[in-house]
Structure formats: structure tokens, C-alpha cells
Amino acid sequence: MLLIKNGLVIDPSQNLCQKKDILVKNNKIEWVKNKITVDGECDVIDANGYIVAPGLVDVHVHFRDPGFTYKEDIATGAKAAAKGGITSVVLMANTKPAGDNEDTITYVINKGAETDIKVYTCAAVTKGMAGKELTDMDALLSCGAVGFTDDGIPITDAELLEEAFGKTAERKIPISLHEENPALIINNGINKGKASAHFGIGGSPREAEISLIARDLELALKTGAILNIQHISTKEGVELVREAKRKAANLGRNTIHAEATPHHFSLTEEAAIQYGTLAKMNPPLREEADRLAIIEGLRDGTIDIIATDHAPHSREEKEKPITQAPSGIIGLETALSLGVTKLVEENGFTHLQLLQCMSTNPANMYGLDAGTLAVGAPADIVIYDPKKTWTAGDYLSKASNSPFTGCRLQGVVQYTIVNGKIIYRA
């Protein structure tokens, strides 16, 4: 048994924000009460001054395994997640081989089961992520995939995508899309504007994202697909999602979702100018008006998920010139702190609002048994100090490609607990 005492328990699934004790027994939440006393042997955590919440759920993660394990692997990725208070992850399918076949999906799930966290994975929408032919969705679901995505490669064939939407809608399974029209992009990872001018390159225009978001929201509303717009970066994209959610609600549906990354609500293209390749990502960091629109989208529920798009790369890769270096940054170990620092402290969010986006909502979208501290639920818990600060760095990830290294951030994970077992302590 494990008793967590004196903590401020925040559980968005129950709209709970009160000082409570929690008793964990047989891997599950046994009691949540004002005061719990236990006879017999029991481990005790005094959480006085800490927030006790459902373990974080990150539904946009790259562990690079199989195929690119020099960047990260499932074991090291899981350790980084645990340090960040993340108890469940959903992996993307852009491995090598891609997650378009039963062997790869089974490999990822089996290897994930050897870690201390809960590892889920999406399967690819199209074979080889080539955008030409749909995968055997039923076969991939039967071996454990929880959703579909060609993340990293936009699906440009609207007719094929509509077919995919129809299949996923019928199966009530989410489909997550990377929204950047490659035909409009000269150099990816850097915003077309001040940043691209600084580097003397063409960059990636906002229209690349806006055009595909508009197309795919229309198709999703037509088909009833559960659509997740990934890592939104433009104010126009936010407004398109807001309007599509209204339309879906009028149809009695909750099928339109959108995610924001901590880097898109924390930084602008100024960071790309300052940090170079360490702040190069797809879609790119954009303007202050876009950052503020993303924050407002999170505040009003237009954007209902915060996901890291944890994208590890080697130092050698990131040291290449701006047009040659790969896009992406790591994010598992800084996500909660950036949420506390940028949303709670700087923009007046409550911790309940933050945790709704980082735990309950993403778990609900994928139908995971997570994101709640309800009695009988798996004892997946994060305990963090909302006031303590730390300097980002000393990562457990294999990679260190982050513009936040050296930044002073607020909010420090003290314990991460999965199925009642402490898997990380500060």
C-alpha cells in the first residue's frame, strides 16, 4: 500500500481541487478522502506543499525505435517521460520500418511493456507513409495500435484522406494529422518572415498550415472522423478549429481536437534567430500574435491537448547548417514546467486547466485508462512542487536538442507513480 498525505489533489476528470489524502492498494486508487489512517505496513509520501494529479498523458511522442535508436530508444524515452511526470505516451509511426505493419506495432508495444511507463502507439495511415495507399487498419488495431497518423508527412491526397476518415470514423478511432502543405514550403522548420529573412532562406509560410487545416476540418465534419490537428502554430489555424468545434457541437459531436506544443505557446521565431537549429521545428515557431492565439485557444478549450512532439536528434545532426539540420526538439522533461511557467504564472491559467490539457483530455481522446484519480482507476500519479524552480538540462533522454536548456523554469516533478509504484523521485 502507498499513502499520499497532505497534498493538493487536482483531478480535472472530477473537477476536484482540494487538500486530500490518497490511498493506493493493488495498483489502483483505493480511497481519496480528507484524512486517511492506515493500520499495518504502508509506504507514506508527505505531499504537503505539492500538487497531486493524474499522471500526464503525452499523445505526440517520438522514441525513434525501431530504426533511429542513436537518437532515442523506448527505454531512454520512458525514463525521460517519467522524469517529466508523464505516465502514458502515444508514439508516432515514423520509425524504420514505419508503423504500417503488424510486426513493427507488436515490437513497439512489447518493448514498451518492458518500461516503467505505459507505452501506446499509433499506426501509419498509409503504407510506407507514402500517402498513396491505406494500411490495413483492422489488422493494426487488432495488434494494439490506438490511433492512426502519418505524422511528419502531410497527406496531400484529399480523396485518399477522406477514405481514411471514413474508416476511422466507423471504428471511432482518432486520426492525427501534421498540417503543412509541402508544395508551399521552400525550407521547412523556419517561419517565412523575420526568421527566414535573417537566415536568407525561403522558409515555411503560414499558409502551408492554414490551407491543410481548412481542408481537413471540412472533411472531418463531413465524415464524422475523430480528428486531432497536431502541433498548431498559426492564429488562423486556431480560429478554424474554433469554428469547426462549434459546427461539430451543433451536430452533437465531440470529434474535433487540436494540440499545442509547449514550444509553440512559449516561443516565437525570435528563438529561431537566437538558437538556430535548436529552435528549428515543423511547423516552425511563428509570430507573437500566433503564440498569444494559441494561449487563448488553450484557455477557451479550442485547443484541448498539450503534447510535446518530443523529437530527439543527435548533436551532430543539429550542428548541420540551418537548411540541412533536422527539425524538432526534445520536450518530455520540460513540458510540465513550461506549462506552469508560461500558462499558470504568466497567463493566469489554473493548474486544473493545465492538467486538463496534459492528462485528462488526451487520455479521453484516445480512450486510455488514464487521466483520472477516481476510485478504482490505475494509480498513475504525478506529484509536483508548483513553486520550486530548476534550470533545464541534465536530461535523461539520449538527446539534448532543446532551446530551453539553461532556462530557469518553475514547477518540479517530485514523484512519478505508475500502477502504484514510484518510478521516479527527484
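I began with Arg-64, which lies in the loop between S6 and H1. This is a predicted model, so I read every value here as computed from it. I looked up the backbone of Arg-64 and found phi near 65°, a positive value in a residue other than glycine. Most residues other than glycine have a negative phi, and most peptide bonds are trans. Asp-65 and Pro-66 are joined by a cis peptide bond, with omega about 15°. Pro-66 sits in the loop between S6 and helix H1, which covers 74–83.

I then looked for a cis bond elsewhere. Asn-282 to Pro-283 is cis, and omega is near -10°. Pro-283 belongs to the loop between helix H9 (269–275) and H10.

**Sheet S6-S7-S8**

Which strands make up the open sheet that includes S6? I noted three strands in the order S6-S7-S8, and their pairing is parallel. The edge strands are S6 (56–61) and S8 (118–121). Each has a single partner strand, so one side of each has no neighbour in the sheet. From one strand to the next, the twist averages 20°.

I followed the pairing of S6 with S7 (residues 86–91). Four bridges hold this parallel pair. Val-61 stands opposite Leu-91 in S7. Helix H13 (residues 351–366) packs on this sheet and touches S6 and S7. The direction of H13 makes about 70° with that of S6.

**Sheet S9 to S13**

Next I took the five-strand sheet. It is open, runs in the order S9-S10-S11-S12-S13, and pairs in parallel. Which strands stand at its edges? They are S9 (148–149) and S13 (305–306). Each of these has a single partner strand, so one side of each is left without a neighbour in the sheet. Inside the sheet I looked at S10 (residues 175–177) and S11 (residues 227–229), a parallel pair with three bridges. Leu-177 faces Ile-229 of S11 across this pairing.

S1 (residues 2–11) pairs with S5 in the parallel sense over two bridges. There, Val-9 stands opposite Val-52 in S5. S5 also pairs with S14 (residues 381–391), here in the antiparallel sense and over four bridges. Val-52 stands opposite Ile-383 in S14.

How many bridges join S14 to S15? I counted eight, and the two strands run antiparallel. S15 spans residues 408–418. In this pairing Thr-389 is opposite Gln-410 in S15.

**Helices H7 and H10**

I turned to helix packing. The axes of H7 (residues 235–250) and H10 (residues 288–300) come within 8 Å and cross at roughly 25°. That angle makes H7 roughly parallel to H10. From H7, the contact uses Lys-235, Glu-236, Val-238 and Arg-242. From H10 it uses Ala-289, Asp-290, Ala-293, Ile-294, Glu-296, Gly-297 and Asp-300. By class, I find four nonpolar, one polar and six charged residues in this contact.

**Arg-215**

I located Arg-215 in helix H6 (residues 206–223). Which residues does it touch, leaving out those up to four places away in sequence? Arg-215 touches Ile-155, Thr-156, Asp-157, Ala-158 and Leu-161.

**Aromatic rings**

Last, I searched for aromatic pairs. The count came to zero. I did find a charge over a ring: Lys-33 lies over the face of Trp-31, at 4.1 Å from the ring centre.

Definitions and conventions
Residues are numbered from 1 along each chain as its sequence is written. This is a predicted model: local features need pLDDT of at least 70, side-chain atom pairs count only at pLDDT 80 or more; totals for chains, interfaces and linings use all residues. Side-chain values use heavy atoms; hydrogens and water are left out. Two strands pair if DSSP finds at least two bridges between them. Rings of Phe, Tyr and Trp (its six-membered ring) pair if their centres lie within 6.5 Å; planes under 30 degrees apart count as stacked, over 60 as edge-to-face and the rest as tilted. A charge sits over a ring if NZ of Lys or CZ of Arg is within 6 Å of the ring centre and within 35 degrees of the ring normal. Axes are lines fitted to C-alpha atoms, for helices over the stretch in contact, and angles run from 0 to 180 degrees between N-to-C directions. Angles under 35 degrees count as roughly parallel, over 145 as roughly antiparallel, 65 to 115 as roughly perpendicular and the rest as oblique. Contact means heavy atoms within 4.5 Å. Ala, Val, Leu, Ile, Met, Phe, Trp, Tyr, Cys and Pro count as nonpolar, Asp, Glu, Lys and Arg as charged, and the others, Gly among them, as polar.
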